[in-house]
Every structure is written in structure tokens, then in C-alpha cells.
Amino acid sequence: MSSFVVLFFLLGCILLLQASKGLPDDSKNHNCHVLGRIGGVIYQSSRIGREQKIAMEMAIHDFEKRSLNCSKLVLHLKDLDLNSAGAVSAAVELVNQKHVDAIQGTLTLQEAAQLVEFVNVIKDVPIISITSKSSSTAPIPEKLLPFIQMTNHIDVQTQCIASIVGHFRWRKVITVYERSTSFTEDSGIITHLSDSLRGVDSFVEHHIAFPIASSLSNRGAYVKQELNKLKSKSVRIFIVMRSSLDFAVILFEKAKELGMMEKGYVWIVSDEIAGFLDSIPSPVILNMQGVIGFKNNYEDTSESFREFRTKFRRMYRSKYPEEEEYSNPSFYALRAYDATWIVAKALQNLQGKIDSKELVKQIFHSNFEGLSGRISFNDGFLTQNPIFQIVNVIGKSYREIAWWSPEYGFFEDQIENEEMKKGIFEGLEGKLTSIYWPGGERTVPKGWTLAGTEKPLRIGVPARGAFNQFVNVVFDQDRNETSIGGFSIDVFEAAVKQLPYHLPFAFVPYYGSYDEMVAEVHNKRLDAAVGDTEIMADRYVYAEFSQPYIESGLVMVVTVKPGLKDKGFVVVDAFKKEMWIQMAAMSMSSAVAIWLTEYANNNPDIRGSFWQLISSMLWFCVTVLSLAHRETIRSNLSRLVLVAWLCVVAAVAACFTAVLSSMLTVPKLQPSILDVDYLLRINAPVGCNGNSFIVRYLINVLHFKPENIRKINSINHYPSAFDKGEILAAFFVAPHAKVFLAKYCKGYIMTGPTYKLGGFGFVFSKGSPLAIDISEAILKITQNGEVNQLEKHMLSFSNCSTLLTQVADNVGSLGPEPVSGLFKISGSISTIAIVIAVARLMRRQWSIHDLVQRLLTMKRVWRWAALILTECYSGFGLRFFRETTIMGQNHQTDAAQDRMGQKEISLELTTTQTYI
């Protein structure tokens with residue numbers, strides 16, 4: 001009986017104790033008045049939820065402790081299910097049953113939108129979101145309830161990820177995230193990340209959404225299966241956008257088992273994982289070696305934070321003793337603490353007169369320095385943009401490598417915002433290059449692989465090219481190895497050195513045609529192809545090409561005509577016909593001017609019969625060129641003409657010597673065939689590399705007949721083909737033509753138009769990220785002159801002068817243009833001298849005529865005869881005059897008068913002759 005009583009007593013005590021626990025919190029202490037009730041919606045099954053619960057309770061306790069009057073806040077917490085309907089129902093229950101004045105927790109904007117249907121119940125109760133999930137940046141519709149977001153905007157996180165990806169120039173990424181309860185949130189993550197990556201020339205090639213970890217029965221097997229699918233892809237950059245801590249633990253455990261934490265892989269995690277690096281066990285950290293992440297930055301050296309951390313660790317250990325060793329608070333605990341303080345201070349300002357609209361205003365007017373940073377709002381968002389710490393997991397912890405913010409990008413030192421200097425990609429190179437990558441790699445991973453493994457790339461090179469200066473494949477039988485070199489190989493190796501990552505590769509000789517080699521790349525039998533491969537439109541359909549590393553075009557090479565040394569009168573070719581004519585005319589005019597001037601001045605050296613005067617004038621034209629004339633020059637006017645002419649002669653002689661010397665020493669090369677049309681008209685045979693596209697180009701574009709095309713597969717066979725008449729012209733791409741003319745510089749020349757082509761490039765498979773990186777590297781070595789140096793080295797074997805290997809506008813026949821000014825001066829002076837001399841002669845001539853006319857006036861009978869005799873004497877000399885007078889005597893009718901007139905006229909003529 002007594003035992004029954006004792007048992008009944010104990011049962012009653014237990015019931016009373018349970019009843020006391022079930023009493024509302026505001027009934028425990030009747031001495032303090034209740035300021036308000038705060039509702040919390042959290043996932044207590046998660047690490048974030050547990051930390052948020054402890055932080056909210058600490059905030060309530062600290063606020064009540066610091067309150068001057070006896071004030072009390074009541075906290076009602078609801079544990080959420082795995083769906084958004086559970087969050088909505090929990091919020092409705094808190095308002096309807098617990099009569100809370102504000103709700104805070106892991107509610108998202110999409111979940112808050114569903115509460116509009118319960119507006120009559122919820123009314124204007126403010127909701128503060130402290131979820132770890134990134135929120136949308138879209139403005140909150142007015143019809144929604146007051147919604148305040150204390151979470152990071154999704155575009156801020158994606159911008160930080162894009163900055164990291166862009167810094168290392170990774171072109172493709174794979175996104176991994178844990179599926180949420182809202183499809184809109186899942187699609188929004190990929191959309192925002194894709195937009196941010198597009199700004200750094202990258203994109204999401206593949207993304208995978210894992211179910212919520214707690215919803216899977218065999219989580220490890222499922223995660224391993226999906227990771228195995230990702231491992232078969234070529235991309236090696238994995239971004240974990242959104243994940244619970246439980247899912248992250250399983251993810252990296254299975255990734256390490258599959259070898260996806262080895263060299264070549266890159267893992268980037270968001271703040272939802274990186275924020276808990278201080279609170280996760282060491283075995284989990286060891287599975288994450290080399291991971292890069294970013295976490296919210298906060299002041300962890302202040303007195304308030306140290307006090308909070310001490311209390312938080314003590315309370316967390318007491319409630320969750322199984323996690324005693326990892327009880328450090330994360331950033332989300334700080335945000336939950338600050339959110340509770342925001343509501344508590346707003347309720348305190350209302351002094352018990354609770355009105356939802358006024359409460360919202362008080363919350364928006366909050367402005368204080370919290371544990372998580374500055375707390376102030378603008379349009380429902382925190383005004384202060386976050387600052388992320390870029391961390392690298394190494395050993396049993398992590399190290400900070402940089403900071404990042406939306407305003408300033410990357411920067412090295414954490415300083416005050418107003419003093420920050422913009423540091424995007426500046427001063428950060430040394431920090432990031434020392435990152436510890438997965439597998440212990442120290443060099444930056446390239447972020448992709450072509451064959452699913454890190455085996456060297458199989459790069460095909462043409463082994464049967466006609467020009468081994470570009471690709472030279474030689475097999476050494478003694479060493480049993482193949483050596484590969486040449487200009488194209490050197491350019492590729494120089495470009496690889498410019499890549500920001502290590503690229504293992506091996507050259508594989510290919511013995512087919514160039515088109516077949518491109519097809520092998522398309523068929524994945526070769527990873528790439530390097531050589532003197534022309535970029536063609538039909539090849540671009542099957543493969544992708546790099547930036548051209550040397551310009552190209554189709555040119556024609558023919559033999560040259562015989563040189564000028566083979567001509568018998570090469571001297572005559574020194575001047576053009578116009579020049580010779582003008583020289584003869586100027587020489588004649590100058591001599592005539594000098595001769596007439598001296599004749600007019602009675603120079604005794606210029607006398608004789610008419611024909612003697614003419615011959616002496618012509619001879620004077622020749623002898624005056626070399627000052628070999630015998631006649632003495634007495635007139636100053638003649639000397640002026642002679643000086644001007646000698647200046648002309650000196651200049652012309654110098655030009656003649658220079659032109660003739662150039663013609664004899666550097667003969668002008670003339671092509672034997674000028675254009676392609678001539679070859680087509682005569683159906684001439686032409687030669688080209690039979691292993692290249694040129695055969696197809698000649699037939700389809702230039703319309704040569706196939707039977708007229710000779711396929712020549714070696715540079716050494718072209719000269720013999722020309723000599724034997726097998727071809728009249730050879731077609732090369734421009735780089736090959738340079739090599740041919742450098743080797744066979746005598747007797748061959750480029751002629752005709754250049755048919756523009758795409759240039760020489762390296763071949764890659766479609767979509768290969770290596771094509772972009774190699775193109776950028778080619779631009780670098782082109783700009784720094786390295787390609788030009790390699791090309792000069794390739795052509796250095798030639799001993800030929802470059803003047804003999806191209807069609808140059810060498811010095812030809814000289815025209816009168818260079819000495820036209822001297823010609824004009826000398827001609828003007830000669831003209832003036834001739835005019836003066838003729839004027840003086842004409843004046844003297846008309847004086848004699850007047851004398852004779854006066855004599856004949858006295859003797860009217862002989863007037864006309866005397867005039868004729870005077871004209872004849874003036875024009876032909878005394879000898880002609882005597883002959884004329886004898887003929888006139890035979891026609892006289894009056895002998896007496898004739899004898900008298902003859903004597904008188906003879907007397908007058910004798911006097912006149914003496915006068916002259």
C-alpha cells in the first residue's frame with residue numbers, strides 16, 4: 001500500500017512539473033511586463049538552425065539583462081519541415097496561436113509571397129529573413145507583407161565567384177547545388193551565375209541539383225553516382241553554389257573517394273560552406289584540401305564579439321554536447337543575434353504600444369553596429385554591402401588569401417572602406433599564385449581535360465609536308481626516337497609557355513594529308529594539330545582554329561627574264577627616248593646660241609663658206625660637251641650660255657653614270673609570266689604541293705584544269721620541274737614562297753596578285769577551351785616580337801640578297817624630269833642669246849640694204865638688179881655674188897650703159913665690203 005502511495009506521489013510531481021513547463025513564458029514572472037513576442041522559424045536539424053536558436057536565446061537574455069526597467073521578451077521557435085508549405089504554416093501558426101509581433105528566421109521571399117493568402121491572419125506582421133540562402137535582388141511588391149532581408153544578395157555571391165573564375169581565366173564551369181523547396185530559387189541561381197560569368201568570358205557548361213540530403217535514404221551512394229557522371233566530363237572547375245553542411249560533408253567525402261580532389265580539379269564553395277570552416281570536424285577539413293571559398297567578413301577582435309563567442313560556446317556545448325569540439329559561432333549566428341536585437345529595440349521604442357506598421361518603421365530606422373556589421377536598411381535590404389574573405393583550405397584549417405567586395409573587387413589588406421583603393425586584379429597576383437590546389441598542386445590548374453584524364457595531349461603534326469622548315473620530322477634509327485622541330489613547332493611551344501597553367505602534350509607524326517589530319521581532330525583521334533595548316537572555311541566546319549600565327553595568301557612563283565647584261569646596247573637604255581631627244585635638242589640650241597653670238601661679234605675663228613659654217617656649228621655642238629672646241633669664246637653672253645649648258649651636262653652625266661651603274665650591278669628582275677590569265681589561256685602546266693588544299697583551290701577557285709596541275713611534294717623538286725618545262729609556274733602559300741625564294745633566290749620571282757587566305761593556325765576540336773587560351777598566347781608572342789624572331793631564324797639559312805628575291809621597282813631608264821629645271825634655265829639663256837644675236841645681225845643686214853638702195857635710186861636702171869645682188873651677197877657671200885653678176889651681164893641690152901653702171905656698182909660694193 002505504501003509503495004502505491006509513493007508511486008502515485010511521484011507521478012503527480014511529474015505531471016505538475018510537465019504542466020509548469022507548458023505554461024506560457026510570460027506567466028513565469030509576474031513582476032516584469034512583456035514588451036512583445038518574437039517568433040522564430042528555423043531548421044533545428046541543421047547546424048545553421050541550431051546556431052540560430054542559441055543566438056536568438058542569447059539575444060533575448062542579453063536584452064532583458066541590459067534593460068533598465070523590468071522588461072521581458074517572449075521567444076517562440078518553430079522547427080521547419082523540408083518544404084515551403086511547412087514554413088508558411090509555421091508562420092501562420094505563430095501569428096494565429098502565439099500572437100507574435102514579428103517573425104524572423106529562414107523564410108525566403110518566395111515563401112513570404114505565399115503568406116499573402118493569409119493576409120487576414122498575418123496582417124502587417126514584419127518578417128525578417130536571416131536565411132543562409134541567397135535572396136533575390138528584385139524589389140519587394142507592395143502587396144506583400146513587410147519583408148526585411150538580412151541575407152546576401154545572390155548577385156553579390158555570383159559576382160565574387162565570377163571574379164575568381166575570371167582571374168584564372170577559366171572558360172567553363174560546372175555548378176553543383178542542393179535542391180531547395182522552390183523551383184524558382186533553383187533556376188534563379190543558374191541564371192544569376194550565368195550572367196555574372198558572361199562578364200568574364202566564361203559560362204556554365206553543366207549544372208546538377210542534388211536532392212536535400214535528409215530526404216535521401218542512401219545519400220552516399222547517390223552522391224557518388226552523380227559525381228561519377230561529372231568526372232567523365234572535360235570540365236574540372238566545380239562551383240558549389242548552395243549546400244547544407246550535411247550535404248557538403250558527403251559531397252567532399254565521395255569526391256575524394258573518386259579521385260576528384262586530385263591534381264587538375266578546382267572546387268569553389270560559397271559562404272554557406274566556407275562560413276562553417278571554423279565549426280566542422282578535422283576529418284571533413286582533410287577531405288576539402290585545396291578548396292577555395294569565400295565567407296562573410298566581420299570584426300572578430302572586438303570585446304563584444306569575444307564575449308559573445310565565449311557565452312555561445314558554453315551554451316552550445318551544454319545543449320549539443322556531441323559537437324563540443326566544434327562550437328564556434330558562424331556568421332549566421334551573428335546575424336540571428338543582430339536580427340533579434342533589431343526587433344527587441346523596436347519593441348522597446350514602442351513602449352508597449354504595439355502597432356505593426358509602427359513596428360516596421362522602427363525596424364527600418366535601425367542604425368547600430370552589430371556583431372555582423374553595420375545594421376541599417378534601405379528598401380528592405382541592408383545598406384552595407386558584404387565583404388568576403390577569400391580563403392584556401394589547407395591542413396586542418398584554412399588561410400586567408402584576399403578580400404573581395406562589390407565596390408572594390410579584390411584587395412589585399414582589410415582597411416576602412418573610405419580608405420580602400422580599388423584593387424581588382426592589382427597587387428593580388430602574388431597572393432593567388434601561392435594557392436594550395438587540390439592534390440597539392442602549386443601551379444594554376446587549367447580547368448579542363450580533353451580525354452577525361454591528365455594524360456598528355458596527343459597533338460598531330462604533318463610528317464609529309466613539302467616544307468620541313470615549318471615541321472621537320474626526323475627519325476633517328478640509332479636512338480630509336482623521332483625528333484620534331486620547325487618554325488610551327490617553335491611557335492606552339494612559345495605559346496604554351498604563355499599559358500597560366502601547365503599543359504602536358506606529346507607530338508604525334510601524322511602521315512596523311514592536311515585535310516585528313518583535321519578530320520582526325522574532329523573524330524577525337526587527335527586532341528589537336530600543329531603545323532603549317534591553313535585556316536579554311538571548309539575546315540572550320542569540323543574543327544576550331546587558333547588565332548593565325550602568320551599571315552598567308554596564295555601566290556605564284558615563275559622564272560625571271562634574262563637580265564640586262566645580256567643586251568648589246570644596254571648603255572642606250574640608261575635614258576628614255578624623250579631624254580635623248582631633249583638632250584640633243586638642248587645641245588643643238590646651246591651650240592647655235594653660242595655660234596650666232598660669236599658670229600655676230602665678228603669672232604675671226606668663225607669664218608668660212610656657208611657649208612663650212614654649218615659643219616663647224618654641228619661640230620661645235622659635240623665638242624662643247626667636253627670643252628674640246630678649238631674656237632675661242634669671246635662674248636660674255638656666249639660664256640653665260642656655255643656655263644648654263646655645262647651645268648646641265650654635269651648633272652646629266654652624273655645621272656647617266658648612276659643609272660647605268662645600277663642597271664649593270666643590280667639588274668631588274670622581270671617575271672616571265674605576269675598573271676594567271678595568261679596561264680589559263682595557253683593551258684600551261686602549273687605545280688603545287690599535292691598534299692595541301694592548293695590543288696582544290698586551283699581547280700575550284702582559279703579554274704585550272706586538273707590535268708594541268710602537277711603535284712610536287714618536295715621543295716627541292718620545283719627547280720628541276722621548271723628546268724625541264726614540266727611547269728611554267730608554281731603556286732605556294734606566302735610563307736612557303738618566302739622559304740622557296742630564300743633557298744632558290746636566283747632565277748625565280750613572285751608575280752601576280754595575292755589571293756588572301758586565313759593564315760596558318762593550330763587545330764583544335766570544336767568547343768575546346770584550349771583554342772581561346774592558345775589564341776591569346778599567340779597574340780602575346782606576336783606583340784613582343786617573338787614570332788618575328790622565329791621567322792627570321794627560319795629564313796637565316798639563305799645567303800641570297802633580298803633585293804634579288806622580289807619584284808622591286810629598281811632604277812630603270814631615266815626620263816627628263818629630274819633635270820627639267822636645269823633644262824629650262826639653260827634653254828632660256830640659249831633662247832635669249834639667240835634672240836640677241838639674230839637681232840644684231842638683222843640690224844646690220846638692214847643697214848647695208850639701205851645703202852645699196854640709195855645707190856640704185858641714182859641709177860634707176862640698175863635698182864632691181866642691185867637689190868637682188870645685195871640679197872644674194874648677204875645670204876651666200878661674195879662668191880655667190882660674183883657668179884650672179886656674170887649671169888646678169890649676159891642679159892644687158894645697152895652695152896655702154898652696162899659698163900658704166902657696172903663700174904659704179906663695183907665701186908659701191910667694194911666700199912660696202914670694206915665697211916663690213
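Colleague: What percentage of the residues in the protein is buried?

Modeller: Of the 916 residues, 49% are buried. Keep in mind that this is a predicted model.

Colleague: How do you know how far to trust the prediction?

Modeller: Look at pLDDT, the predictor's confidence, which runs from 0 to 100. The protein averages 78, and 73% of the residues score at least 70. Residues 1-29 are below 50, and that stretch has seven contacts beyond near neighbours in sequence. Residues 875-916 are also below 50, with 24 such contacts. Where pLDDT is low, the predicted coordinates should not be read in detail.

Colleague: Why is F410 called buried?

Modeller: Its relative accessible area is 3%. The cut-off for buried is under 20%. F410 falls under that cut-off, so the label applies. F410 sits in strand β17, residues 409-411.

Colleague: What makes a group of residues a nonpolar core?

Modeller: The members must be buried, of nonpolar types such as Leu, Ile and Phe, and joined through side-chain atoms within 4.5 Å. The largest such core here has 74 residues. L698, F731, F740 and I774 touch the most other members. Helix α16, residues 487-497, gives the most to this core, with seven residues. Another core lies apart from it, with 71 residues, including I164 and F210.

Colleague: Which residues does F731 contact beyond its neighbours within four places in sequence?

Modeller: Among them are L554, M556, V676, L698 and F704.

Colleague: Why are β26 and β28 said to stand at the edges of their sheet?

Modeller: Start with the order, β26-β25-β27-β24-β28, in an open sheet of five strands with mixed pairing. β26 (709-711) and β28 (748-756) each have a single partner strand, so one side of each lacks a neighbour in the sheet. From one strand to the next, the twist averages 30°.

Colleague: How do you know that β24 and β28 pair?

Modeller: Pairing takes at least two bridges. β24, residues 553-559, and β28 have six, in the antiparallel sense. G553 stands opposite K756 in β28.

Colleague: Which helix packs on this sheet?

Modeller: Helix α25, residues 734-743, touches β24, β27 and β28. Its direction makes about 120° with that of β27.

Methods: Residues numbered from 1 in each chain as written. Predicted model: local features only at pLDDT ≥ 70, side-chain atom pairs only at ≥ 80, totals over all residues. Heavy atoms only, no water. Buried < 20%, exposed > 50% of the residue type's maximum accessible area, 1.4 Å probe, protein only. Helix = DSSP H or I, 4+ residues; strand = E, 2+ residues; numbered from the N terminus. Contact = heavy atoms within 4.5 Å. Axes fitted to C-alpha atoms, helices over the stretch in contact; angles between N-to-C directions.
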